[in-house]
Amino acid sequence: MNLTQPVLTTEVRENSGTPHSPPLQPLLIARHIRKTYRTKQGERVLAIDDATLALGDGEFVSVVGPSGCGKSTLLKIFAGIHPASEGTLEFRGKEVKRIPGNMGVVFQSPVLLPWLTILENTMLPARVLHLPVAESMERARDLLELVGLGDFMTKYPSELSGGMQQRASIARGLIHNPPILLMDEPFGALDALTRERMSLELQRIWMANQKTVFFITHSILEAIFLSDRVLVMSARPGRIVREFVIPFARPRDFDLTTTAEFGDFVRAVRHELGASSNE
Ligand SMILES: Nc1ncnc2c1ncn2[C@@H]1O[C@H](COP(=O)(O)OP(=O)(O)OP(=O)(O)O)[C@@H](O)[C@H]1O
Ligand SMILES: [Mg+2]
């Protein structure tokens with residue numbers, strides 16, 4: 001079974017078994033992204049060398065790569081936090097300086113404000129963006145129901161477990177209906193079992209929302225389990241060296257991870273990561 005494909009450039013292929021047929025339309029195309037940071041000491045750090053990738057509308061794409069290879073940097077460029085030093089972004093077929101709209105971003109730690117209730121925390125982006133309050137409040141309630149926190153809206157973050165807080169931060173990331181949900185190791189701080197449960201939750205939320213997700217993780221298994229495609233980055237300065245199209249039908253459950261086919265993907269991604277880390 002040939003698992004690997006040539007590195008994707010601008011084309012987004014159809015993926016089978018997802019709620020996203022007919023073939024996906026490219027939502028975002030990033031071409032030849034290069035990013036150099038200047039440190040406080042004045043040194044230049046080349047974080048991303050030449051990254052080209054596309055995200056299909058409604059597609060779930062994961063990125064794995066060695067620590068320091070530029071994954072978070074790429075996410076920050078998409079979020080509009082840092083500009084790229086070189087390269088172009090195309091959004092819905094038009095070249096843009098930054099992706100329009102405010103991204104939904106979920107980080108490793110949920111960063112909820114302790115003095116606000118879960119509902120108020122979820123509402124924060126809507127307030128900052130001055131979206132209509134009544135409408136946003138209804139959406140916040142719906143999203144909190146969706147992430148299984150319907151009974152916890154009036155609680156404070158300290159009254160919730162880590163996994164529940166992370167689910168609240170996913171609801172918050174979706175409140176303003178962002179064009180892309182950007183997730184940077186969102187389950188990194190959770191224990192193994194909670195992490196598995198969160199993967200199932202995220203799959204459910206993604207299937208209900210049909211949102212494009214750009215997901216960074218250090219877990220090969222999580223990446224394969226959740227994604228339509230897994231992109232592998234090389235060590236710094238990062239390039240996207242390989243993509244894997246993940247064909248398994250959805251909804252997926254954890255029994256899938258014990259199958260020989262799934263094992264083939266894990267082995268192939270691990271092999272690619274090992275090869276690219278040693279470059
Ligand atoms: N603000 C910054 N100023 C200077 N250098 C930076 C800055 N942010 C990141 N870097 C450097 O850019 C490189 C890529 O960092 P980045 O955080 O994107 O890596 P990463 O792939 O997300 O790593 P990890 O898996 O450890 O989170 C690293 O060498 C890092 O030191
Ligand atoms: Mg990072």
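Modeller: This is a predicted model. In helix α5, the residues T194, M198, S199, E201, L202, Q203, I205 and W206 are buried.

Biologist: What makes a residue such as W206 in α5 count as buried?

Modeller: The word buried requires a relative accessible area under 20%. W206 is listed among the buried residues of α5, so its relative accessible area falls under that cut-off.

Biologist: Which elements cover the buried residues of α5?

Modeller: The cover includes the strands β3 (60–64), β7 and β8 (212–216). It also includes the helices α3 (133–146), α4 (162–174) and α6 (220–226).

Biologist: How do you know what span is expected of α5?

Modeller: The helix has 18 residues, and at 1.5 Å a residue the expected span is 26 Å. From the first C-alpha of α5 to the last, the model gives 25 Å, which is close to that value.

Biologist: What makes D191 a cap of α5?

Modeller: A side-chain oxygen of D191 lies 3.1 Å from the backbone nitrogen of L193, at the N-terminal end of α5. After α5 comes Q210, with a positive phi near 55°.

Biologist: Why is V111 called exposed, and why is E185 called partly exposed?

Modeller: Exposed means over 50% relative accessible area. V111 has 54%, and is therefore exposed. E185 has 21%, which lies between the 20% and 50% limits, so E185 is partly exposed.

Biologist: What makes V111 part of a nonpolar patch?

Modeller: V111 forms the patch on the surface with I81 and F107, and together they have about 260 Å² of accessible area. Members of a patch must have over 30% relative accessible area. F107, in the loop between β6 and α2, has 32% and therefore passes that limit, although F107 is partly exposed.

Biologist: Why is helix α1 called mostly covered?

Modeller: Helix α1 (residues 71–79) has 9 residues, and 7 of them are buried. Among them are K71, L74 and F78. Just after α1, G80 has a positive phi of about 80°.

Biologist: How do you know that N121 is buried?

Modeller: N121, in helix α2, has a relative accessible area of 1%; that is under 20%, so N121 is buried. The side chain of N121 reaches the backbone oxygen of L116 at 3.0 Å. Leaving aside residues up to four places away in sequence, N121 touches L112, L113, L116, P157 and R172.

Biologist: Which peptide bonds are cis?

Modeller: One joins R236 and P237, with omega about -5°. Another joins R250 and P251, with omega about 0°. P237 is in the loop between β9 (229–233) and β10 (238–245), and P251 is in the loop between β10 and α7 (260–277). Most peptide bonds are trans.

Definitions and conventions. Residues are numbered from 1 along each chain as its sequence is written. Chains are lettered from A and ligands numbered from 1 in the order in which they are written. This is a predicted model: local features need pLDDT of at least 70, side-chain atom pairs count only at pLDDT 80 or more; totals for chains, interfaces and linings use all residues. Side-chain values use heavy atoms; hydrogens and water are left out. Helices (H or I, at least four residues) and strands (E, at least two) are DSSP runs, numbered from the N terminus. Buried means under 20% relative accessible area, exposed over 50%, partly exposed in between (1.4 Å probe, protein chains only). The expected span of a helix is 1.5 Å times one less than its number of residues. Contact means heavy atoms within 4.5 Å. A polar contact is a pair of N or O atoms within 3.5 Å; within protein, one must be able to donate a hydrogen and the other to accept it, and residues adjacent in sequence count only if both atoms are side-chain atoms. Patches are made of residues with over 30% relative accessible area and no salt bridge: like charges are joined within 9 Å, nonpolar side chains (Val, Leu, Ile, Met, Phe, Trp, Tyr) within 5 Å. Accessible areas come from the Shrake-Rupley method with a 1.4 Å probe; for residues, only the protein chains shown count as cover. A salt bridge is a side-chain nitrogen of Lys or Arg within 4 Å of a carboxyl oxygen of Asp or Glu.
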